[in-house]
Structures are given as structure tokens and as C-alpha cells.
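Here's a quick briefing to read with the model open beside you.

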Amino acid sequence: QVQLTESGGGLVQAGGSMRLSCTASGRTFNPYGGWTVSWFRQAPGKEREFVSAMPWSSGITMYSNSVRGRFTSSRDNAKNTVYLQMTMLKPEDSASYYCAIRTLADYSRLPADYEYWGQGTQVTVSS
């Protein structure tokens with residue numbers, strides 16, 4: 001099993017920045033076996049939305065059109081942690097943000113493809 005723990009959410013004004021963290025643990029955690037770590041978000045009454053995907057081995061991230069140029073994902077191998085740096089935040093970025101792991105190295109945007117999920121962290125952007 002793999003456990004994912006997100007942190008870093010909160011309230012921020014529009015135009016501000018925030019960094020989310022996602023730390024992975026568990027006996028079977030093996031990102032170099034070809035895993036992808038991604039971020040999704042879900043606002044009340046809406047479907048879960050793809051934000052970014054990063055195959056752990058490459059560290060090269062793909063972003064959704066709505067966040068490209070504003071959000072940056074990175075990883076710290078030593079800490080088994082992935083970060084989502086969010087800048088120029090907009091009220092429409094408000095949502096619960098989830099990190100997820102897929103045990104394949106690709107850029108899937110489909111939540112159903114991901115086997116492991118964190119509990120989510122709330123981001124609220126005020127106008």
C-alpha cells in the first residue's frame with residue numbers, strides 16, 4: 001500500500017501564491033518503477049479535474065490549459081514529496097486539491113486511472 005498526505009492548503013487572495021505538498025509513504029512505494037504522480041482538484045458540485053501529471057522518473061510535468069504558466073510541479077526524491085507551486089491564483093482555482101499516484105509512467109488525465117489518492121487539501125482564493 002501507498003499512503004499520500006497533502007498539506008499546504010488555506011485561504012489566499014486573488015493574485016497570491018500557495019504551495020501544496022504531497023508526501024508518499026508505504027512499503028510498496030516505488031516511483032522509479034515507472035509511476036506517475038499527479039494533482040487533481042474538485043470544486044463543490046463539479047467533477048474532479050486534472051491539474052498536472054509528472055512521471056516520477058522523468059520529472060517532466062504536463063499541465064492542464066487552465067493552470068499552465070501559473071502552476072509548477074516539482075519533486076524532492078529524498079523526501080518522497082511532490083510540490084505544486086501555485087501563483088497568480090484566481091477565485092476559480094478554489095477547490096479541494098488531491099495528489100494521486102498511477103503505477104504507470106504516463107500523463108493520464110483520468111481520475112479512474114489512479115490507484116492511490118491523498119485525503120485532499122482545501123484551497124480557497126478570495127476575490
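Is serine 108 buried or exposed? Serine 108 is buried, at a relative accessible area of 9%, where buried means under 20%, exposed over 50% and partly exposed in between, using a 1.4 Å probe and protein chains only. One thing before going on: this is a predicted model, so local features need pLDDT of at least 70, side-chain atom pairs count only at pLDDT 80 or more, and totals for chains, interfaces and linings use all residues. Residues are numbered from 1 along each chain as its sequence is written, and side-chain values use heavy atoms, with hydrogens and water left out.

**Around serine 108**
- Serine 108 sits in the loop that links strand E9 (95–102) to strand E10 (116–117); helices (H or I, at least four residues) and strands (E, at least two) are DSSP runs, numbered from the N terminus.
- Leaving aside residues up to four places away in sequence, serine 108 touches Phe50, Ala53, Arg102, Asp113 and Tyr114, a contact being heavy atoms within 4.5 Å.

**The chain as a whole**
- The chain has 11 strands and zero helices, so reading from the N terminus you get β-β-β-β-β-β-β-β-β-β-β.
- A compact globule of 127 residues would have a radius of gyration near 14 Å, and the chain agrees, with 14 Å; the radius is taken over C-alpha atoms, and the globule rule is 2.2 Å times the number of residues to the power 0.38.
- Along the principal axes, the C-alpha atoms fill a box of roughly 40 × 30 × 25 Å.
- Of the 127 residues, 46% count as buried.
- Take the contacts between residues at least 6 apart in sequence: 57% of them join residues at least 24 apart.

**Surface and charge**
- The accessible surface comes to about 6,300 Å², and 49% of that belongs to carbon and sulfur atoms; these areas come from the Shrake-Rupley method with a 1.4 Å probe, and for residues only the protein chains shown count as cover.
- There are 12 positive and 9 negative side chains, and the centres of the two sets lie 5 Å apart.
- For that tally, Lys and Arg count as positive and Asp and Glu as negative, while His and the chain ends are not counted; each charge is placed at NZ of Lys, CZ of Arg, CG of Asp or CD of Glu.

**Strand pairing around E3**
- Strand E3 (residues 18–25) runs antiparallel to strand E1 (residues 3–7), with five bridges joining them; two strands pair if DSSP finds at least two bridges between them.

**Loops on either side of E8**
- Asparagine 80 is in the loop between strand E7 (71–76) and E8, and has a positive phi of about 50° although it is not a glycine.
- Asparagine 80 is partly exposed, at 27% relative accessibility.
- Methionine 88, in the loop between E8 and E9, has a positive phi of about 45°, and it isn't a glycine either.
- Methionine 88 counts as partly exposed, with a relative accessible area of 47%.

**Glycine 15 and its contacts**
- Glycine 15 lies in the loop between strand E2 (10–13) and E3, and is exposed at 52% relative accessible area.
- Glycine 15 and threonine 87 are 72 residues apart in sequence, yet their C-alpha atoms are 7.0 Å apart in space.
- Residues up to four places away in sequence aside, glycine 15 touches Met88 and Leu89.
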